[in-house]
Amino acid sequence: MANLFEHKDRWLVPNWRSFGKTTILGELDSFQSFREPTSKTDINEYIIDWRLNQTAIHAADLLSAAIVNNKKENKHVYEAANFIISNKDKATLSQISLASLILDKTNDVDLFARFKKVSFDNLPSFMNPEPIRFKIKEAKLMLITFPSNPILYVELSRYYSILGQEQNSIKSMRTALHLAPNNRFVLRCATRLFAHYKTDYNDYLEYIHEILRKSTMTAFDPWLTSAEISIANLQNRSSKFIKRGIELINSNNISPFNFTELASSIGTVELLYGSTKKSREYFKKSLLNPNDNSLAQIEWASSKDNQLNISPTKFEVKMNFEALALDNYHNKEYELALENAAKWFIDMPFSKRPVMFGSNISSIILNDQSKAISFLNAGLISNPNDPQLINNLAYALALNDKSSEAFEQLNKIRNIDEVDEITSICIAATRGLAFFRNNNFEDGRQMYLKAIEHTTVIKNKELNWIAILNYAREEIKIGSIFVDSIMEKVAKIPVDNIDIEIQILRNEVAIGYEKLKQQSI
């Protein structure tokens, strides 16, 4: 059976986009009069290289260095920006975005141009690894000339993460942190990366948390204060920066956009561990000028406090695909949710959440296994060894009566003893499904019963009901002698369960059972 998308506690871990896109979104702008310490990179070497080479790549690299070092007013920087705008046909969207920012022509840049073309049906065409490999090669060549450029190392890390190359991604990010330990862009991207790859068997969260706590900027930069609070809570710790974060929000020195994530982070802490009334106050402040991350956070929070219910479409927020997808889901607009999940995934191609979200809607709610398979195959590019994605792909394949392919996927799961309990149960049930669809009913029956027993041991009622319903569907499908006994268990499942996936499975089983009884008359 499938691992379900978990609508569990969500923390405001920073989103991770390219440097150019992050700059255009305004998340690297100065929020008050002081400036962050500059990196050790000297902009002069970029100027010299730009003047010698006169290419869009070298121009964009100069612009990146100028933004990081707060030297956007330099005449050579304007020259490079104008060169890119004059040669748009030879430049990437990211390069054009940087140039437009320098020249104050951001309205000329359509960040949504690529996403307007994204739909679920053409999702696979956006997941071609070759352009990413080319970008890795390009970044490595640039690093030969500029070995101390932290932004290039962050971009390289992101490319590696999209291809699922964890160790290369981590290594590149560690280098960026060494070069620019107080840089907002570097720290926020590193926070997302180490949270993305954290497991019970590594110290990634501890590593990045220590860096955030020691950074001279965390107590002054609301974007970093928010990141520290989120990482602290991911480790089940109390953040020592919450009081400071409240002071920053109330200081009147910081614009609402610059404290939107911080207000939402503190609102989340209050929602889960403190006062609901206070949480609403902070979420309200975060909505003064939200970004896509804080908007998605409130959309999540509304499932715990219905007074926080909002419509993401009422806010002019760029790249708010996650918030829209969650809102569509809550409103039972599943086809729209799927379309926005596809855009969410293309925006964050290394992330597992949009893949789990989209594939669950496809497989369980819409009963479209082909779409689920497409989504999961795309997600496995960045997460090739993830047991949940592999299991869900096997589940969708088995439901499509491709049991041999399902077993091939299940056999790819590594270190099965290290898989968490819930995923282990799901894998056992999926093997049961594959056995049933391969006409090996007795082995299938044993695997399902094993999974059901395990759910009882860990006292997980919802998972127990899902396992029972999946098993009942298969016994009904073959009209076995065990149907009546399993339907007795089905009858004990509450009919008023609010979980849409359980409702759908129960209805499917009920319809199948009625058809079977009619056939026996």
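**Ground rules.** I am working with a predicted model, in which local features need pLDDT of at least 70, side-chain atom pairs count only at pLDDT 80 or more, and totals for chains, interfaces and linings use all residues. Residues are numbered from 1 along each chain as its sequence is written, and side-chain values use heavy atoms, with hydrogens and water left out.

**Helix α6.** I began with α6, residues 129–145; helices here are DSSP runs (H or I, at least four residues), numbered from the N terminus. I checked its length: 17 residues at 1.5 Å a residue should span 24 Å, and the end C-alpha atoms are 25 Å apart, which agrees. The expected span is 1.5 Å times one less than the number of residues. Next I looked up which residues of α6 are buried (under 20% relative accessible area, with exposed over 50% and partly exposed in between, for a 1.4 Å probe and protein chains only). They are I132, I136, A139, M142 and L143. Seen down the axis of α6, these buried residues fall within an arc of 130 degrees, so they line one face of the helix. The arc is taken from the directions from the helix axis to the C-beta atoms. On the face turned away from the buried side I found the exposed residues F134, K137, L141 and I144.

**α6 against α7.** I then turned to α7, residues 150–162, whose axis comes within 9 Å of that of α6 and crosses it at roughly 155 degrees. Axes are lines fitted to C-alpha atoms, for helices over the stretch in contact, and angles run from 0 to 180 degrees between N-to-C directions. The two helices are therefore roughly antiparallel, a term for angles over 145 degrees. On the α6 side the contact (heavy atoms within 4.5 Å) includes I132, I136 and M142, and on the α7 side it includes L152, Y153 and Y160.

**Helix α8.** I repeated the length check on α8, residues 166–179: its 14 residues should span 20 Å, and its end C-alpha atoms are 20 Å apart, which agrees. The buried residues of α8 are S169, I170, S172, M173, A176, L177 and L179. I noted that they pack against α7, α9 (184–196) and α10 (204–214).

I found α23 (residues 441–457) packed on α24 (residues 461–478) at an angle of about 160 degrees, with the axes 8 Å apart. That makes α23 roughly antiparallel to α24. Among the residues that meet are F441, Y448 and I452 in α23, and L463, I468 and Y471 in α24. The axes of α24 and α25 (residues 483–490) come within 10 Å and cross at roughly 155 degrees. That makes α24 roughly antiparallel to α25.

**Single residues.** Y334 is found in helix α17, residues 334–347. At 12% relative accessibility, I count Y334 as buried. Leaving out residues up to four places away in sequence, Y334 touches Y329, I361, I365, L366 and I500.

I also looked up two residues with positive phi. M319 has a phi of about 60 degrees although it is not a glycine, and M319 is found in the loop between α15 (292–301) and α16 (321–330). With a relative accessible area of 2%, M319 is buried. N439, also not a glycine, has phi near 65 degrees and lies in the loop between α22 (421–437) and α23. I noted N439 as exposed, with a relative accessible area of 59%.

How values were computed:
Angles under 35 degrees count as roughly parallel, over 145 as roughly antiparallel, 65 to 115 as roughly perpendicular and the rest as oblique.
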